[in-house]
Amino acid sequence: MSSRPAGTRTTGRRLADSLAATARWRPRRARPDRTGGAPPAGRTPAGRTGGGAQPVVLMVPALLAVGFLLLPLAGILARTSWRELPGHLTSPAATEALRLSLVVSLWSLALALVLGTPLAWLLARVSFPGKAVVRSLVLLPMVLPPTVGGVALLLAFGRRGLLGPWLEDTFGVTLPFHTAGAVLAATFVAMPFLVISLEGTLAGLRPSYEETAASLGASPLRVFCTVTLPMVAPGLAAGAALTWARALGEFGATITFAGNLPGETQTLPLQVYLLLQDSPEAATSVSLLLLAIAMATLVALRGRWTGGAASGPGDGTRDGAGDGPHDGAAGGGPGGSAEDGPDGGARPAATDSSADPPRIEAPVADVRQLSDLSAELTGYTRFVVTAEPGTTLAVVGPNGAGKTTLLRALLGLTPRAHAVLRLGDRDVTDLPPHRRDVAWVPQDGALLPHLSALANTAYGLRAHGHSRAAARAEAQCWLDRLGVGHLAHRRPAGLSGGQAGRVALARALASRPRLLLLDEPLAALDQTTRARVRNTLRSHLADFGGVCLIVTHDPVEAVTLAGRVLVLEEGRAVQDAPPSEVTRHPRSPWVARMLGRNAWQGTATPDGLQLPAEAGEFTIVAAEPLPCSGAGALAVVAPEAVALHRDRPDGSPRNVWRGRVRELTGVGSRLRVLLALEPTPGPKAPGAGRDGGDGRDGGAGAGAGAVELVAEVTPAAAADLGLADGVLVWASVKATEVTLVRL
Ligand SMILES: Nc1ncnc2c1ncn2[C@@H]1O[C@H](COP(=O)(O)OP(=O)(O)OP(=O)(O)O)[C@@H](O)[C@H]1O
């Protein structure tokens, strides 16, 4: 009994089916959080916050610590003379000290923001020698006794200090015992709070946001102001609040450096110190005021430390995610009701499934950049790639092959590889990323979470100098083209994966790049949505006049979207050919398997291919052997060309092997059977021939390193053959079905 293959017909549908099955085996990357924020507070591993047994022995000192912190505060509250409190706090000396405290702390905050923000950025983003020393320097005022800080300030800025005489002679500025000195002292001790808080937030911000913004044409300063700062705003606000609170409470450095001069340097903490000697009740009242301010600051900050860059509750949609008529589209399902556009006018609902989105022509959107590509890569990636305008190249290869490095080199974003890059008549090799006209859509889209879909799409146009109104009008057109125009007002957190992907694509296309780089654009989508979005993407890539590189692990994407497939391995281009050629004659085992083919690497023989000794005495006979016997070669066989039998087949097939079923997978209406082949099958091999029962004879099982073969059969044939995990069967392949490719 045997199952005859349907032949080697690789119709589009069959190929797509078989590729789709292969796609399921591809490695997947972890999906980063689309909002770019850290995991929400409290989302700790199960068990940590749950009712698991906690060591009681730790609870006692912990509670003691709480009591230790609480008791002094309770002391202030208990000893406050509530009746006299208003009088104490409204006395001229107290109000003057309060005024001075506010002036000093706010100036100090401003100074810390101006100096500390760039310093935090430097520490978070720039590698330079001595960085650890600079960071220690930043931390020093936090651990230094404030009085020592005051002495140090005197020795630097005092009348006999290092800079003091020069400041006095040149600018007439005297810092010690002046309000400016109090500001300096407060800044010295408070600024580290801002730097440390902001550095942490900056370090947690994924660089893909800033890099994508640069690829859309934004200069480094624009990126800092429009991407970095808004995204770290919560961390900045938290740091600023702490800095202000610390400056407000500053005592030691101020009294040492600036003295205790009423109306000049006597801030509230200094007044407390003074009052303690003459009027302890008034000192308690002022202490209570400072305590209340500190507590209010901390309460206002609650949750800000862990809330992530932009994932607060208000971040979902501008109109509140989940309660508007737009929700039908959020999940990508078919929607139908009319929806309000951002301008308040009724806009017809589009859906995630719209394969033919409305084609609204934008006034300037059709200015195509018909540029060819010529890139010579050195470093980790070492090859030359050229492409005509309008070419879409699928970049494929195993993990670590250098696909991302290639994209980053073309953007000028990595020192690991260098691209001599020419786009049309422009050599952009020496240009910074924002001036290359190379738009990048990273795997997660990197939509800016603080901007609506419309503002995201308009971002590149604004960076290129278009007015706000023109940029938004054109952005709306692009969103409409991609079928997500009705979601223009939403922020990324309120978009489904497919919708976000389309917005990211609209944003890249709207910036009118000469080269478009898409990193796994459909990886986030489920199979059904992927097929729909793939169609949409294909039609828009057809309209895009420039060169497009799509990194993908999905063979269907590679074959259906691209006119050429560039196969990378270990930084080298092992093949660059049309999909049909790559499918027929894959030049690496990896790409053959990615495309759903059986592929074995070995040495060409006069008959076909000999596999390496470690695979066993395993030979493959081909009808057209390579003329170069002894050379490295690849034997490729389509799964449809493999016939399975319960008994050893007689007759014409030149390749007959016995193998054990390892895995069965459904592919459309057919079944894919993975066999582990046994070496050196022959008519006289022990156990060869008909196996009794279901074939689970427990005989020579294929080891972990066994040669594998994939066959495709109909479910009926599988039932006839009794296929199941562990069953032994015979497989045959005609010599005419074996393609040999020289490596
Ligand atoms: N910043 C880096 N420093 C050192 N090595 C790196 C760095 N980034 C990548 N690599 C290494 O360079 C090689 C190519 O990495 P790249 O990310 O380009 O591969 P890839 O083809 O995109 O892989 P994947 O499919 O897993 O994303 C890998 O070996 C990787 O470990």
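Which residues in H4 meet which residues in H11?

Guide: Happy to. Please keep in mind that this is a predicted model. From H4, the residues in question are Ser 101, Val 104, Ser 105, Ser 108, Leu 109, Ala 112 and Leu 113, and they meet Ala 240, Thr 243, Trp 244, Ala 247 and Leu 248 in H11. By class, this contact has eight nonpolar residues, four polar ones and no charged ones. H4 covers residues 92-125 and H11 covers residues 233-248; their axes come within 8 Å and cross at roughly 140°. H4 and H11 are therefore oblique to each other, since the roughly antiparallel class takes angles over 145 degrees. The crossing of H4 past H11 is right-handed.

Helix H13 (residues 268-278) and helix H14 (residues 280-301) have axes that come within 7 Å and cross at roughly 160°. That angle makes H13 roughly antiparallel to H14. Here the crossing is left-handed. On the H13 side the contact is made by Leu 268, Pro 269, Gln 271, Val 272, Leu 275 and Leu 276, and on the H14 side by Pro 280, Ala 282, Ala 283, Val 286, Ser 287 and Leu 290.

Around the ligand you will find Tyr 380, Gly 397, Asn 399, Gly 400, Ala 401, Gly 402, Lys 403, Thr 404, Thr 405 and Arg 416. Sorted by class, that shell holds two nonpolar, six polar and two charged residues. The sheet is open, with four strands in the order E5-E4-E7-E8 and antiparallel pairing. Its edge strands are E5 (383-387) and E8 (426-427), each of which pairs on one side only. Helix H16 (residues 403-411) packs on this sheet, where H16 touches strand E4 (373-379) and E7, and the direction of H16 makes about 60° with that of E7. Lys 403, Thr 404 and Thr 405 of the ligand shell fall within the residue range of H16. Strand E7 (residues 417-423) is joined to E8 by two bridges, and the two run antiparallel. Arg 422 has Asp 427 in E8 as its bridge partner.

Four bridges link E17 (residues 632-637) with E23 in an antiparallel arrangement, and Leu 634 stands opposite Val 741 in E23.

E19 (residues 655-667) and E20 (residues 670-677) run antiparallel and are joined by eight bridges, with Thr 665 opposite Arg 672 in E20. The two strands form a hairpin with two residues between them, and Gly 668 in the turn has a positive phi of about 60°. E20 is also joined to E21 (residues 708-713), by six bridges and again antiparallel. There, Ala 676 stands opposite Glu 708 in E21.

How values were computed. Residues are numbered from 1 along each chain as its sequence is written. This is a predicted model: local features need pLDDT of at least 70, side-chain atom pairs count only at pLDDT 80 or more; totals for chains, interfaces and linings use all residues. Axes are lines fitted to C-alpha atoms, for helices over the stretch in contact, and angles run from 0 to 180 degrees between N-to-C directions. Angles under 35 degrees count as roughly parallel, over 145 as roughly antiparallel, 65 to 115 as roughly perpendicular and the rest as oblique. A crossing is left-handed if the near helix is turned anticlockwise from the far one by less than a right angle, and right-handed if clockwise. Two residues are in contact if their C-beta atoms, placed from the backbone, lie within 7 Å. A residue is near a molecule or strand if its C-beta atom, placed from the backbone, lies within 6 Å of it. Ala, Val, Leu, Ile, Met, Phe, Trp, Tyr, Cys and Pro count as nonpolar, Asp, Glu, Lys and Arg as charged, and the others, Gly among them, as polar. Two strands pair if DSSP finds at least two bridges between them.
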